[in-house]
Amino acid sequence: MHLFSSSLYLTTIIIGASTMSPEIENHLEMGKKLLSQGQYQDALSHYHAAVDGDPNNYMTYFRRATVYLAIGRSKSALPDLAKVIELKPDFIQARSQRANVLMKQGKLAEARLDYESVLKINPENEELKANLDSIGAIEEAIKTAEQLKDGGDAENAIQWLSRPIELCPWDPKLRIMRSECYLAMGDYIKAMGDMRSITKLVNDPTEAHYKLSTLHYQMGELDEALREVRECLKLDPDHKLCYPHYKTLKKLDKQFKDGDRAMEEGRFDDALDKYRAALKTEPTLHHYVVRSKTQICNALYKLGQLEEAFTACTEAIEEDEFNIDALCDRAEIYITREQYDEAIGDYQKAKQVEGHPQKVEEGFNRAQKLLKQSQKRDYYKILGVKRTATKNQILKAYRKLAVKWHPDRYKGEDKKMAEKKFIEVAAAKEVLSDDEKRQKFDNGEDPLDPEGQQGGGGWNFHQGGFPFGGGGGGGGNGGPFQFKFHFG
C-alpha cells in the first residue's frame with residue numbers, strides 16, 4: 001500500500017489560474033528545483049519566503065508541506081495541509097496527503113473522514129479505497145492486541161500489533177504497547193528498539209529515555225545507560241526519576257573506572273577498595289555483582305592473599321559458572337596448593353566458553369604438565385617450601401637439608417639413602433634458585449629431566465652449588481673436606 005505519492009510528483013502539480021507576483025513565483029520555482037535535487041533545507045527556505053510573501057496562496061503551503069514530508073517532519077506538514085484545505089476545500093491532493101499522514105500517526109477516525117471526503121469527489125481512486133478499507137482492519141487488530149495483552153498473552157499480542165505498526169508507524173501508542181509486551185516476554189533488545197522509536201515520536205521523550213537507561217543498566221550496559229539518562233536530563237535537568245538514577249550510575253561508573261585504572265597501575269590495594277565499594281553501590285543486579293566479585297578475586301590474587309582470593313573467586317564463579325577470569329585465577333590458586341586436578345577442572349570449564357582467550361589454553365596445558373610432573377619429582381616438596389617461597393627461603397631450606405643429608409655428616413647407617421637425598425636437595429636448589437630454571441619448572445617442565453631435554457642432557461653435579469668451604473664439603477672442625485660420591 002502506498003500512503004504517500006512521490007514528493008517529486010507533488011511538485012509538478014500545476015498551480016492553476018491564481019495570480020502570483022514574480023517574486024513568489026521565483027521562490028516557488030527555486031524551491032521546486034532544490035527539492036528535485038534533494039536540497040531540502042534550502043528548498044524549505046524558499047517556501048518559507050513564499051508563504052510569508054503570500055499567506056493566502058494555498059500552493060505555497062502545499063509546496064512547503066511537501067518538503068516537510070520529504071524530511072520526515074509530518075507534524076509540521078499537517079498545519080500547512082490544513083491551511084491548504086481551508087483555502088481550497090476541493091484540492092483533493094492536499095486532503096489525500098493529510099489522510100495519509102493522519103493514518104500513519106494512528107489518528108484513524110480523522111483519516112477516515114478525509115478519505116471519505118476525497119472519495120466523494122473521486123470515487124474511482126482505488127488506492128484511497130484500499131486505505132479506507134484498511135482502517136477497520138487496523139482498529140480490529142489493535143482491539144484484539146489490547147485484549148491479549150491484558151490477558152497476559154504478550155506473544156500473540158505482538159503478532160496482532162505487527163500490521164497496525166506497519167501501517168501506522170508514527171503512532172507512539174502502538175510502540176509503547178508492543179514494548180511492554182516485549183518486556184513481559186523478557187526480550188529487552190526488541191523492547192529497546194521500540195522505545196528508541198518512541199523518543200522520536202512523542203513531544204516529551206524523557207520517560208522513554210529513562211526506560212531505555214534502566215533497561216541498559218539491567219543488561220549490564222553501563223555506558224549506554226548513562227548516555228540515555230543524560231538525554232533525559234538534557235530535556236529536564238531536575239527530572240524526578242532520571243536525576244537520582246543518574247547519580248547512582250555515575251557513582252558506580254566512577255568506582256569501576258577508578259578500580260580498573262588502579263589495577264593497570266599496579267595499585268592493587270586501591271583497586272580492591274574501589275571494587276568493594278562498587279559491590280556496595282550495586283549489590284543485587286547480576287552483571288555488576290559478577291563484575292565486582294571477579295575484580296575483587298583478581299585484586300586479592302595479585303596481592304598474594306590467596307585464601308581470601310580463593311573465596312572471592314569461588315563466589316564470582318557461583319554467580320557465573322563460566323566466568324573465565326575467575327576460573328583462571330582460582331585455577332592458579334589451586335596450582336599453588338598443588339591441587340592440579342582441580343586446576344585442570346577450572347581450566348576445562350573455561351575452555352568451554354567460545355572464543356576463550358589464549359591464557360586459558362596456556363594455563364590448561366601448564367596444569368596438565370604440572371600434574372604429570374608432580375607424579376615424578378617435585379623440587380618444592382624436596383625442599384619443603386611453598387611454591388610462593390622467596391629465593392632466601394629456598395636457600396635457607398636447602399642449607400638445612402644439605403647439612404642433614406650430607407653423607408659425611410649423616411649419622412645413620414644407610415649412606416646410599418643419604419647420598420640420594422643429598423643429590424635431590426642439591427638438584428632442587430639448583431632449579432629453584434635459578435630464575436630461568438624455576439620458571440620452566442613452574443610451567444610444568446623439569447629442566448633437569450633428561451627425557452625433557454633435547455639432546456638427552458640431564459643434571460650435572462656442581463660442587464660450586466654447595467655452601468661449604470673448599471667447594472666440596474666441610475670437616476668436623478669447620479675446615480675444608482673432600483667428599484666422593486659412590487654410585488653402583
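Student: What makes the link of C297 and C313 right-handed?
Tutor: The angle about the S-S bond is 70°, and with that value the link of C297 and C313 is right-handed. Keep in mind that this is a predicted model, where local features need pLDDT of at least 70, side-chain atom pairs count only at pLDDT 80 or more, and totals for chains, interfaces and linings use all residues. Residues are numbered from 1 along each chain as its sequence is written, and side-chain values use heavy atoms, with hydrogens and water left out.

Student: How many disulfides does the whole structure have?
Tutor: A search finds two. The other one joins C232 to C242, with an S to S distance of 2.1 Å. Its torsion about the S-S bond is about 95°, so this disulfide is right-handed too. C232 lies in helix 13 and C242 in helix 14, so the pair ties together parts that are 10 residues apart in sequence.

Student: How do you know that C328 is in no disulfide?
Tutor: The nearest cysteine sulfur, that of C297, is 9.8 Å away, and the cut-off for a disulfide is 2.5 Å. C328 is therefore left without a partner.

Student: Why is C328 called buried?
Tutor: Buried means under 20% relative accessible area (exposed is over 50%, partly exposed in between; 1.4 Å probe, protein chains only). C328 has 5%, so the word applies. C168, with 1%, is buried as well.

Student: What makes a set of residues a nonpolar core?
Tutor: The set holds buried Ala, Val, Leu, Ile, Met, Phe, Trp, Tyr and Cys residues joined through side-chain atoms within 4.5 Å. The largest such core has 48 residues, and Y217, L222 and L249 are among those with the most contacts inside it. Helix 18 gives the largest share, eight residues.

Student: What is L249 in contact with?
Tutor: Leaving aside neighbours within four places in sequence, L249 is in contact (heavy atoms within 4.5 Å) with residues including S213, Y217 and L222.

Conventions
Helix = DSSP H or I, 4+ residues; strand = E, 2+ residues; numbered from the N terminus.
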